[in-house]
Amino acid sequence: MLTSHSVKEFLEILASKQPAPGGGSISALSGALAAGLVAMVCRFSISSKKLTDHKEKIENILFDVQILKEHLTNLIEEDTEAFNQVMAAFKLPKDDEAQKTHRSQEIQTAYKKAVDIPLLVASKSLEVLKLANTMTNHFNINTASDLGVGAHCADTGIKGALLNVDINLLSIKDQSFVERIKLQKTEIIQATDQELEIVNQVVQSNI
């Protein structure tokens with residue numbers, strides 16, 4: 001599994017000529033890193049005497065962001081698996097019409113999976129960004145830069161994942177599916193930009 005490697009090993013695999021992991025898995029990793037940073041900010045904020053009145057709320061945020069961190073970590077692997085399924089579908093035999101039809105159907109199914117996974121990465125990373133935004137009302141200001149980096153990691157996870165959505169949508173023939181995904185993508189981008197702007201303003205005001 002990719003996530004069982006050391007950081008050094010993972011980077012060596014990433015930098016190799018292997019087609020996967022690629023941008024999709026790195027987008028999921030960016031989202032997971034964002035969640036990890038927000039979790040760290042939560043822990044430093046929970047222990048702050050100045051934030052005693054907000055302790056329960058911060059603990060709830062910590063619980064939610066920990067779940068998102070695990071989910072996004074799993075998606076690092078799932079994105080690579082989705083890519084491998086596309087490659088496997090292209091290797092199916094096409095010696096007769098029945099095989100050609102089956103191969104075409106499997107390719108389309110695999111491409112839809114390769115859209116669904118990064119779309120989920122974007123959605124979960126947006127949830128992390130929203131939790132970072134929630135933290136802006138009550139956090140340890142000594143972790144302002146960490147909160148800001150977390151928000152930008154989430155933004156990278158979202159925007160990167162959506163690039164993978166776009167490239168895979170080009171190969172999908174089901175136009176109703178394509179239009180539905182494009183609408184979801186637009187909604188995610190709009191929400192992301194709004195959430196990130198708020199976090200940036202708060203972080204800058206505390207640095």
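Two residues are in contact here when they have heavy atoms within 4.5 Å of each other. With that in hand, welcome to a predicted model, in which local features need pLDDT of at least 70, side-chain atom pairs count only at pLDDT 80 or more, and totals for chains, interfaces and linings use all residues. Residues are numbered from 1 along each chain as its sequence is written, and side-chain values use heavy atoms, with hydrogens and water left out. The protein chain has six helices and zero strands; both are DSSP runs numbered from the N terminus, helices being H or I with at least four residues and strands being E with at least two.

**The chain as a whole**

- Along the principal axes, the C-alpha atoms of the protein chain fill a box of roughly 70 × 40 × 25 Å.
- Of the 207 residues in the protein chain, 45% are buried; that word means under 20% relative accessible area, while exposed means over 50% and partly exposed lies in between, using a 1.4 Å probe and protein chains only.
- Among contacts with a separation of 6 or more, 79% join residues 24 or more positions apart.

**Helix α2 beside helix α4**

- Helix α2 covers residues 23–46 and helix α4 covers residues 97–135; they pack at an angle of about 20 degrees, with their axes 9 Å apart.
- That angle makes α2 roughly parallel to α4; the cut-offs are under 35 degrees for roughly parallel, over 145 for roughly antiparallel, 65 to 115 for roughly perpendicular, and oblique for the rest.
- Axes are lines fitted to C-alpha atoms, for helices over the stretch in contact, and angles run from 0 to 180 degrees between N-to-C directions.
- α2 passes α4 in a left-handed crossing, meaning that the near helix is turned anticlockwise from the far one by less than a right angle, whereas clockwise would be right-handed.
- On the α2 side, the residues are Ser-27, Ala-28, Gly-31, Ala-34, Ala-35, Val-38, Val-41, Cys-42 and Ser-45, and they meet Val-121, Ser-125, Val-128, Ala-132 and Met-135 in α4.
- By class, this contact of α2 with α4 has ten nonpolar, four polar and no charged residues; Ala, Val, Leu, Ile, Met, Phe, Trp, Tyr, Cys and Pro count as nonpolar, Asp, Glu, Lys and Arg as charged, and the others, Gly among them, as polar.

- The axes of α3 and α4 come within 9 Å and cross at roughly 160 degrees, which makes α3 roughly antiparallel to α4.
- The crossing of α3 and α4 is left-handed, and the residues of their contact divide into 21 nonpolar, four polar and nine charged.
- For α2 and α5, the axes come within 7 Å and cross at roughly 160 degrees, so α2 is roughly antiparallel to α5.
- α2 and α5 also have a left-handed crossing.
- Residues of α2 that meet α5 include Gly-23, Gly-24 and Ser-27, and those on the α5 side include Gly-150, Cys-153 and Gly-157.
- The contact of α2 with α5 divides into ten nonpolar, ten polar and one charged residue.

**The nonpolar core**

- The largest nonpolar core has 59 residues, and those with the most contacts inside it are Val-65, Val-128, Leu-129, Met-135 and Leu-169; such a core is a set of buried Ala, Val, Leu, Ile, Met, Phe, Trp, Tyr and Cys residues joined through side-chain atoms within 4.5 Å.
- The elements giving two or more residues to this core are α2, α3 (55–90), α4, α5 (144–169) and α6.
- α4 gives the most to this core, with 15 residues.
- Beyond its neighbours within four places in sequence, Val-128 is in contact with Gly-31, Ala-34, Ala-35, Val-38, Val-65, Leu-68 and Leu-72.

- Thr-192 sits in helix α6 (residues 175–205) and is buried, with a relative accessible area of 0%.
- Not counting residues up to four places away in sequence, Thr-192 touches Leu-126, Leu-129, Asp-155, Ile-158 and Lys-159.
- Tyr-111 lies in helix α4 and is buried, with a relative accessible area of 12%.
- Leaving out residues up to four places away in sequence, Tyr-111 touches Val-86, Phe-90, Asn-168, Ser-171 and Ile-172.
- Glu-9 belongs to helix α1 (residues 7–15) and is partly exposed, with a relative accessible area of 43%.
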